[in-house]
Amino acid sequence: MRHVSAAEVRAVILDHVAPYLEARGLKPEQVADDFDLLTEGIIDSMGILALIAMIESHFEIKVDMEDLDPEHLTVVGPLSRYFEQKSRPGAH
Amino acid sequence: MPTESRGDTPFRSEPFLRGLGNRLLQVVALYAPGQTTVRVWLHRRRGVRIGNDVRIGTDVLIETAFPEWVRIGDHVIVSMRSTIIAHFEGSLPPVQEKTAYVSVRIEDEVFVGPGSIILPNVTIGRGSVVSAGSVVTRSIPPMTMVQGNPARPIAHCEVPLTYRTPLKEFLSRLRPIQQTEGLHSD
């Protein structure tokens with residue numbers, strides 16, 4: 001497992017949901033840090049599971065999300081930073 | 001009471017007046033206000049066995065002919081336009097077993113999503129979640145989220161989805177089931 005930056009995770013997240021952003025007329029660079037993918041209609045409850053699994057697979061990071069604030073689960077910035085933190089050497 | 005035989009299963013037709021009353025109550029329950037009060041009371045009057053703190057959404061259809069074969073536990077949410085079917089013609093239980101017979105069991109803290117269909121002879125385990133539009137054809141283990149037609153397990157739930165549970169907290173405690181795990185052999 002290598003250390004990944006929040007920007008890398010953000011790019012992967014936004015690439016994953018790009019068609020749905022486009023349907024909303026949004027480009028990835030227009031997505032704010034506090035953009036909530038769930039409440040903005042980009043992903044549904046199943047989509048968050050797929051998104052987390054995709055990030056885990058892409059970066060080979062395994063997370064249990066117990067220490068992630070549920071309110072941040074679907075928010076681009078905090079979610080990206082969470083995976084960055086989890087990719088640090090020695091992080092659990 | 002008229003009795004006839006259909007194959008190996010003795011069949012007793014439904015008394016007309018009782019059936020008419022059941023259906024009238026069902027029709028009123030479809031759109032009456034009061035998801036925790038009036039609708040629940042109407043379905044209990046029909047014979048559905050319903051626990052405490054249950055929410056029944058608009059346009060929910062619960063077994064027309066044999067409502068007493070449906071058992072719903074405590075803190076259950078049955079969302080709008082769901083349908084619960086407790087019998088198929090030709091697969092009825094023997095007459096002598098009809099009083100205590102239960103075809104559909106929905107255990108405590110189950111969430112049934114909008115537009116779901118629950119077919120006869122299934123148990124939905126405690127704390128499980130049926131995603132919107134799913135068709136439940138087989139029993140579901142406790143604390144399991146299912147989706148699709150036929151409904152298949154897609155995640156383990158660490159917390160039940162009750163009306164007190166924030167959606168994001170519920171989502172953060174879901175654990176996806178691997179593709180090879182929990183699939184039925186259809």
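Tutor: In this predicted model, chain B has 3 helices and 17 strands. Buried residues make up 35% of the 186 residues in chain B. Of the contacts in chain B between residues at least 6 apart in sequence, 31% join residues at least 24 apart.

Student: Why is α1(B) called roughly antiparallel to α2(B)?

Tutor: The axes of helix α1 (residues 16-31) of chain B and helix α2 (residues 38-46) of chain B cross at roughly 165°. Angles over 145 degrees count as roughly antiparallel, and therefore α1(B) is roughly antiparallel to α2(B). The two axes come within 9 Å, and α1(B) passes α2(B) in a left-handed crossing.

Student: Which residues of α1(B) and α2(B) meet?

Tutor: From α1(B) come N22(B), L25(B), Q26(B), V28(B) and A29(B); from α2(B) come R39(B), L42(B), H43(B), R45(B) and R46(B). By class, this contact of α1(B) with α2(B) has 4 nonpolar, 3 polar and 3 charged residues.

Student: Which residues make the contact of α1(A) with α4(A)?

Tutor: A6(A), V9(A), R10(A) and I13(A) in α1(A) meet V76(A), L79(A), S80(A), R81(A), F83(A) and E84(A) in α4(A). The residues of this contact divide into 6 nonpolar, 1 polar and 3 charged.

Student: How do you know that the span of α4(A) is close to the expected one?

Tutor: The helix α4(A) has 12 residues.

Student: Which residues of α4(A) are buried, and what do they pack against?

Tutor: The buried residues of α4(A) are V76(A), L79(A), S80(A), Y82(A), F83(A), E84(A), K86(A) and S87(A). These buried residues pack against α1 and α3 (45-59) of chain A.

Student: Why is E63(B) called buried?

Tutor: E63(B) has 24 other C-beta atoms within 10 Å. The cut-off for a buried residue is 20 or more, so E63(B) is buried. E63(B) lies in the loop between β5 (61-62) and β6 (70-72) of chain B. Its phi is near 20°, a positive value in a residue other than glycine.

Student: How do you know that E109(B) is buried?

Tutor: E109(B) also has 24 other C-beta atoms within 10 Å. With the cut-off at 20 or more, E109(B) therefore counts as buried. The loop between β9 (104-106) and β10 (111-112) of chain B holds E109(B), whose phi is positive, about 60°, although it is not a glycine. Most residues other than glycine have a negative phi, and most peptide bonds are trans.

Student: Where is there a cis peptide bond?

Tutor: A cis peptide bond joins N149(B) and P150(B), with omega about -5°. P150(B) is placed in the loop between β15 (144-147) and β16 (152-157) of chain B.

Student: Why does P70(A) count as partly exposed?

Tutor: P70(A) has 15 C-beta neighbours inside 10 Å. A residue is buried at 20 or more and exposed at 12 or fewer, so with its 15 neighbours P70(A) counts as partly exposed. P70(A) is found in the loop between α3 and α4 of chain A. Leaving aside neighbours within four places in sequence, P70(A) is in contact with P166(B), K168(B), E169(B) and S172(B).

Student: How many residues does each chain bring to the contact between chain A and chain B?

Tutor: The contact takes 9 residues from chain B and 11 residues from chain A. On the side of chain B that touches chain A, α3 (167-172) and β17 (174-176) each supply at least two residues. The most comes from α3(B), with 4 residues. By class, this side of chain B has 5 nonpolar, 2 polar and 2 charged residues.

Note on methods
Residues numbered from 1 in each chain as written. Chains lettered and ligands numbered in written order. Predicted model: local features only at pLDDT ≥ 70, side-chain atom pairs only at ≥ 80, totals over all residues. Contact = placed C-beta atoms within 7 Å. Nonpolar A, V, L, I, M, F, W, Y, C, P; charged D, E, K, R; others polar. Expected span 1.5 Å × (residues − 1). Axes fitted to C-alpha atoms, helices over the stretch in contact; angles between N-to-C directions. Parallel < 35°, antiparallel > 145°, perpendicular 65-115°, else oblique. Left-handed = near helix turned anticlockwise from the far one by under 90°.
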